[in-house]
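Good morning, and thank you for making the time.

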Amino acid sequence: RQRAEEASRAAAPTDPAQLLAALGIEDALGSALIAYALAVGPGPWLAPLGIGTNFRPTRQVVLLLARATGASDAQWARDAADGFAYELPAPMLALMAAVFLLAGLVIERFLLLALDDSVTFVFSLSGSLAIAAAFFELIRPPLTTRAAHEQNELEYGEFEQFASAQLERAPGTSCHETDIVRAYRTFYPKYRAASGRLSDSDIESLMRRWGRFERSPAGYYKGISLKPSALSSVF
């Protein structure tokens with residue numbers, strides 16, 4: 001048994017150059033899994049500690065590649081720089097994938113060196129990292145598109161105009177959310193159909209964003225009421 005272990009250690013490629021030359025199926029898959037975990041970022045490991053993070057390594061790599069290739073003025077680069085969802089052209093997507101695959105390969109090789117060429121263990125570890133990353137990616141909110149952000153800001157601006165004209169803050173008063181929704185749809189004829197561009201829940205979300213008033217379980221907002229002109233148009 002001792003001779004077998006000595007022979008195994010002697011056969012193990014401990015030189016970095018040899019390790020890079022000795023790529024098997026488990027090596028390739030392990031490198032790809034580590035690359036995926038790197039692309040997702042540190043979120044899976046910080047979330048259990050109560051540390052929220054929206055750091056996305058892919059976005060940082062995209063910005064670096066945009067500067068390196070002189071494509072900083074492209075729409076996808078501007079979207080990435082502003083924190084919006086972006087759609088990469090095929091060549092840039094291939095470049096980004098190559099960066100992460102290379103990083104995954106380097107880390108996988110160093111792990112093999114550190115763990116005495118334990119390919120099976122490194123492959124299992126990389127699989128665990130990728131599973132955690134995939135689960136985190138499923139629950140992480142996706143990036144908002146620029147168009148959706150601009151639409152949200154337009155709708156919020158409209159709600160601010162409605163609130164200035166139809167709502168008033170008054171201690172000791174209250175207003176039910178359904179009355180606010182009806183008043184909003186009356187104020188903006190284009191939103192009168194509940195099945196149209198804005199649902200009732202969308203309008204209620206705008207209300208919460210605008211005022212952050214205390215809301216009772218029955219749906220009443222405290223400290224806010226409809227102005228008399230709004231009441232006459234709603235009721």
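A word on conventions. This is a predicted model, in which local features need pLDDT of at least 70 and side-chain atom pairs count only at pLDDT 80 or more, while totals for chains, interfaces and linings use all residues. Residues are numbered from 1 along each chain as its sequence is written, and side-chain values use heavy atoms, with hydrogens and water left out.

The protein chain contains 12 helices and 2 strands, these being DSSP runs numbered from the N terminus (helices H or I, at least four residues; strands E, at least two). Along the sequence, the pattern reads α-α-α-α-α-α-α-α-α-β-α-α-β-α. Of its 235 residues, 34% count as buried; buried means under 20% relative accessible area, exposed over 50%, and partly exposed in between, with a 1.4 Å probe and protein chains only. Among contacts (heavy atoms within 4.5 Å) between residues at least 6 apart in sequence, 69% join residues at least 24 apart.

Let us turn to the helix pairs. Two packed helices are described by the angle between their axes and the distance between the axes. Here the axes are lines fitted to C-alpha atoms, for helices over the stretch in contact, and angles run from 0 to 180 degrees between N-to-C directions.

How do α3 and α8 pack? Helix α3, residues 25-40, and helix α8, residues 119-139, pack at about 30° with axes 8 Å apart. The two are therefore roughly parallel; that label covers angles under 35 degrees, with over 145 roughly antiparallel, 65 to 115 roughly perpendicular and the rest oblique. The crossing of α3 past α8 is left-handed, that is, the near helix is turned anticlockwise from the far one by less than a right angle, whereas clockwise would be right-handed. The residues of this contact divide into 13 nonpolar, 4 polar and 3 charged. In that count, Ala, Val, Leu, Ile, Met, Phe, Trp, Tyr, Cys and Pro are nonpolar, Asp, Glu, Lys and Arg charged, and the others, Gly among them, polar.

Helix α8 also meets α7: their axes come within 9 Å and cross at roughly 135°. These helices are therefore oblique to each other, and the crossing is right-handed. Glu108, Leu111 and Leu112 of α7 make the contact with Val119, Val122 and Leu125 of α8. Glu108 is buried, at 1% relative accessibility. Beyond its neighbours within four places in sequence, Glu108 contacts Asp27, Gly30, Ser31, Ile34 and Val122. Leu125, by comparison, is partly exposed at 31%.

Finally, the cores. A nonpolar core is a set of buried Ala, Val, Leu, Ile, Met, Phe, Trp, Tyr and Cys residues joined through side-chain atoms within 4.5 Å. The largest has 21 residues, and those with the most contacts inside it include Phe159, Phe162 and Trp210. Elements giving two or more residues to this core are α9, β1, α10, α11 and β2. Apart from it lies another core of 15 residues, among them Ala39, Leu63, Trp76 and Phe100.
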